[in-house]
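Please open the structure in a viewer and keep the selection tool at hand. The tour visits an interface and then a pocket.

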Amino acid sequence: MKDCKYEELIDQYLLNKLAENQKDRFEEHYFNCSSCFEKMTERDELLRVIKKKGHTIFKEEFLTEEIRGASLAERILSFLTPKQWAFAAVSAALILVVIFAFIPYFKTIQPTFQIVSEETRSGKTIELISPVMDVNVVPTEFKWAKSDKELEYKFSIYNNGNVLWTAKIKENFVVLPEEIRSLIKAQGKYSWQVKAFSSQGTLVAVSSKVYFRVAKSE
Amino acid sequence: MENKKPDVDLEEIFVKYRPVISFRVKKSLGARNPDWEDIVEEVITNAIEKIQKGEFRGESSIGTFIYTITSRRIVDYIRQKGKVLKHAPEPADYPDPQESVENKERVELMAKALRKLKPKYRKVLYLYYYKELSREEVAQKLGISPRRVSERVNYSQKLLKKFLKK
C-alpha cells in the first residue's frame, strides 16, 4: 500500500488539531481513500485504548514524568520528607522567636566602656596630656588633647577604681578644686579618664585610663 | 462525451461507505449522541435515492458525493438542535460508552500489549497520544527527530497488530 500524503493528518484529525478547512479537506479525502480510512480507524482504536487505559498503561511514565518534569519548587519540596520539613519549620520558627525576643533587649543595652590603659580600642580616643605618670606633688590641673569639634568633656578621677570626683567642662582641661586635692594622698593609686559627648549627649570619644601616684600629699 | 448515468454499485455504498459515514457522524456529533445511527441510515437512504434519481452525474467521485450528503446532514442536524453552526460540535468523548463486550475484551488485550511495549515506544505513545504533545514537542523532549517520533508510533502500531493477531 503506497503512502498517501494525507496520512500525516490522521493523528491531528483524531486529536482535533486541524484547522476547519484542513479538517473538511481531510474528511473529504478519507471518503475517497480507503487506505487512509483504514489507517485512521486503526489509529483511532489505538488512541481510544490509550485514552481509556492510559492510567494503567503508563504507570512508569507517570513516575518518571513526575521526577523529571518536577519544577524547581517541587524538587526542593521533595528534598526532605514532610516530617523533616515539619521539623525544619518548627526549628526555624523557634530560632526566629528567640532572635526576635532578644532584639529589643540588645537595642536597649548601652555600650559600656571598660577601659584600662593597656586596652586597644577602635574608634575615637582622647589623648591625655598630663599627668600621665607618677608625680611628686598633687597636680592642680589635668589636661588632654582638644577635639576639633565642639564637645562637652566629662572628667573623672578615681581612687582604687572608685570615683573621687567628676566634672563636666567645655575646655580641654580641668582644675581640681581644693577639697578634692586634699583627698589625694601620697602613695595612693589614682587614675583619671575623660569622655567626650556631642551636643546631643551621645558619647563620641573616650580616653584611656591613666594611673598615677603622688609622692607627696598636700 | 455522451451524457450517461455513471455506473454505481449500490451494494458498495452499504458495505464500503457505512463505516466511513458512521465514523464521520460519530466524530462530528459524538459517540454518546443517541441519534448517530439514525443519521447514518438517513444518509445512506438519501444517497441511494439521489443516485437512483440520477442526481449523481459523476462530476465528482462517489466518495465526495457521499461526503457532501453526510456533511449536509450533519449541518442540518446541528441546526435543528439549535447549536451554533460556526463552532464544530464537541468531539467524541473517549471512551465510547456504547462499546460491546467483545470490544471491551479487545481494549483490555490492547492495553496489555501496550504495557508490554519497550519503554522507548511507550514513552512516545504516552507523550504523543496521552499527553497530546505535538510531534515536534515529543521529539524535543526525548531528544530524537520528529521523523523518529512518527516511526516509533507506526512501529508500535505494527507490534500491536501482530500481538492482536496471535
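Begin by selecting chain A and chain B, where the rule finds five salt bridges across the interface; a salt bridge is a side-chain nitrogen of Lys or Arg within 4 Å of a carboxyl oxygen of Asp or Glu. Next, select A:Lys53 and B:Glu108, whose side chains form a salt bridge with an N to O distance of 2.6 Å.

This is a predicted model, in which local features need pLDDT of at least 70 and side-chain atom pairs count only at pLDDT 80 or more, while totals for chains, interfaces and linings use all residues. Residues are numbered from 1 along each chain as its sequence is written, chains are lettered from A and ligands numbered from 1 in the order in which they are written, and side-chain values use heavy atoms, without hydrogens and water.

Now display the whole interface: 38 residues of chain A are in contact (heavy atoms within 4.5 Å) with 49 residues of chain B. Together the two chains bury about 4,300 Å², counted as the accessible area (1.4 Å probe) lost on being put together, summed over both. Of this area, 59% lies on carbon and sulfur atoms.

Finally, turn to the largest pocket, which holds about 880 Å³ of space. A pocket here is an open set of points on a 1 Å grid over the protein atoms alone, where a 1.4 Å probe fits, with protein on both sides within 12 Å along at least five of seven lines; lining residues have an atom within 4 Å of a point. The volume is the space filled by probe spheres set on the points. Select A:Glu7, A:Glu8, A:Arg43, B:Ser150 and B:Asn154, the closest to the pocket centre of its 28 lining residues.
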